[in-house]
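I set out to record, entry by entry, what could be looked up in this structure. The entries follow the order in which I consulted it.

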Amino acid sequence: MARRNDHTREELRELALEAAEHIVQTQGVEALSTRKVATAIGYSVGSLYSVFSNLDDLCWQLNTRTLTELLEELERQQAEEPKACLHAYGLIYLQFAQRHPERWRLLFEHRSPEGKQMPDALETQIATLFSYVDRCLATLFPAWSANELALRARTVWSGVHGIAQLQLGDKLFLQEPEGATQMLALLIDGLLKGWQQEGECHA
C-alpha cells in the first residue's frame, strides 16, 4: 500500500469514502466520525478536512456513492413492459435496502445543519431515481400531466419505501419469509388497477 503522502487528493477521497462506508455498514450510522475515518486510513483529521469540508460533507458524498450504486442496479433492469419494470424496480429497491441497511438508513436519515442545502449532484440523482418510475407510468397513463406523473411516481415510491423500512425494522408482523415481496406486488398491482379504473370512469 502506498505511503500516506503518495496518495493524490482524489485517492485520499476514495480511501476515506471506502472507510466511511465500512464503518457505517459494520458499526452503524451513529458510529461514523471523521476521527474514525482518519484513523482507519492512517491520516490525520486535518488531512481529511482537506478533502471534505466537514462530517456533513462526507455524509453527503457517501450518500451520493450509495445512490450511484442503486441507480446502476436499476439501469441494468431489462424488462420492457412497464408494469413488469415497476415490479422489478420495487424488488431491486427492497433487496438493496436489505443488503445495505445502514447505508440505506444514512441516505434517508442524514440531515444537514439548518441553512445548508443538499448538494446539486445528490438532487440530480434523486430526480433520476424518480425518472425510472415516471417513464413506466407515462407509458401506462399517457394522458397524465407532468405534475400528475410526479405525484403518482412519488406515491409508488412512498409505498415501496415504507415496506422496505418496516421490513428492516422487523415490523411487518408476517410469518411468510416472502411477505415483503408479496406486499410489494399487491401494492403496485393495486395502485395500477385503481388508476386504470379511475381513467375509465373519466373517459
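**Entry 1. Glu102.** I began with Glu102, which counts as buried because its relative accessible area is 19%, and the limit for that class is under 20%. The model is a predicted one, and I read every value below with that in mind. I placed Glu102 in helix α6, which covers residues 101-109. Setting aside neighbours within four places in sequence, I listed Val24, Gln25, Gly28 and Val29 as the contacts of Glu102.

**Entry 2. The chain as a whole.** I next turned to the overall make-up of the chain. It has 9 helices and 0 strands. I noted that 41% of its 203 residues count as buried. The C-alpha atoms fill a box of roughly 65 × 40 × 35 Å along the principal axes. I also looked up how far apart in sequence the contacting residues are: among contacts between residues at least 6 apart, 68% join residues at least 24 apart.

**Entry 3. The cores.** Which residues have the most contacts inside the largest nonpolar core? I found Leu70, Leu74, Leu86, Leu94, Leu137, Leu192 and Trp195, in a core of 36 residues. Helices α4 (55-75), α5 (82-99), α6, α7 (120-140), α8 (146-168) and α9 (179-202) each supply at least two residues of this core. The largest share, 8 residues, comes from α5. I noted a second, separate core of 22 residues, with Leu17, Ile41, Val51 and Cys59 among its members. For background, I recorded that nonpolar side chains tend to be buried together in soluble globular proteins.

Not counting residues up to four places away in sequence, Trp195 touches Leu137, Phe141, Trp144, Arg152, Thr155 and Val156.

**Entry 4. Helix α5.** I then examined α5 by itself. It has 18 residues and reaches 25 Å from its first C-alpha to its last, close to the 26 Å expected at 1.5 Å a residue. Its buried residues are Pro82, Cys85, Leu86, Ala88, Tyr89, Gly90, Ile92, Tyr93, Leu94, Phe96 and Ala97. At the start of α5, I found a side-chain oxygen of Glu81 within 3.1 Å of the backbone nitrogen of Lys83.

Is Cys85 buried or exposed? Cys85 is buried, since its relative accessible area is 5%, and burial requires a value under 20%. Beyond residues up to four places away in sequence, Cys85 touches Gln77, Ala79 and Cys136. I also looked up its separation from Gly199, which lies 114 residues away along the chain, and found 21 Å between the C-alpha atoms.

**Entry 5. α4 against α5.** The axes of these two helices come within 10 Å and cross at roughly 145 degrees, and the crossing is right-handed. From α4, the contact involves Thr66, Glu69, Leu70, Glu73 and Leu74, while α5 contributes Tyr89, Ile92, Tyr93, Phe96 and Arg99.

I took Thr66, in helix α4, for a closer look. Thr66 is buried, with a relative accessible area of 1%. Not counting residues up to four places away in sequence, Thr66 touches Phe96, Arg103 and Leu107.

**Entry 6. Helix α8.** I compared the span of α8 with expectation: its 23 residues reach 33 Å from first C-alpha to last, close to the 33 Å expected at 1.5 Å a residue. Leu149, Arg152, Ala153, Val156, Val160, His161, Ile163, Ala164 and Gln167 are buried in this helix. Just after α8, I noted that Asp170 takes a positive phi of about 55 degrees.

**Entry 7. Ala20.** Ala20 is buried, with a relative accessible area of 0%. Leaving aside neighbours within four places in sequence, I found Ala20 in contact with Leu32, Val37, Leu58 and Leu62. Its C-alpha atom is separated by 9.3 Å from that of Ala38, 18 residues apart along the chain.

Notes
Residues numbered from 1 in each chain as written. Predicted model: local features only at pLDDT ≥ 70, side-chain atom pairs only at ≥ 80, totals over all residues. Heavy atoms only, no water. Helix = DSSP H or I, 4+ residues; strand = E, 2+ residues; numbered from the N terminus. Buried < 20%, exposed > 50% of the residue type's maximum accessible area, 1.4 Å probe, protein only. Contact = heavy atoms within 4.5 Å. Core = buried A, V, L, I, M, F, W, Y, C linked by side-chain atoms within 4.5 Å. Expected span 1.5 Å × (residues − 1). Axes fitted to C-alpha atoms, helices over the stretch in contact; angles between N-to-C directions. Left-handed = near helix turned anticlockwise from the far one by under 90°. Polar contact = N/O pair within 3.5 Å; in protein donor to acceptor, adjacent residues only side chain to side chain.
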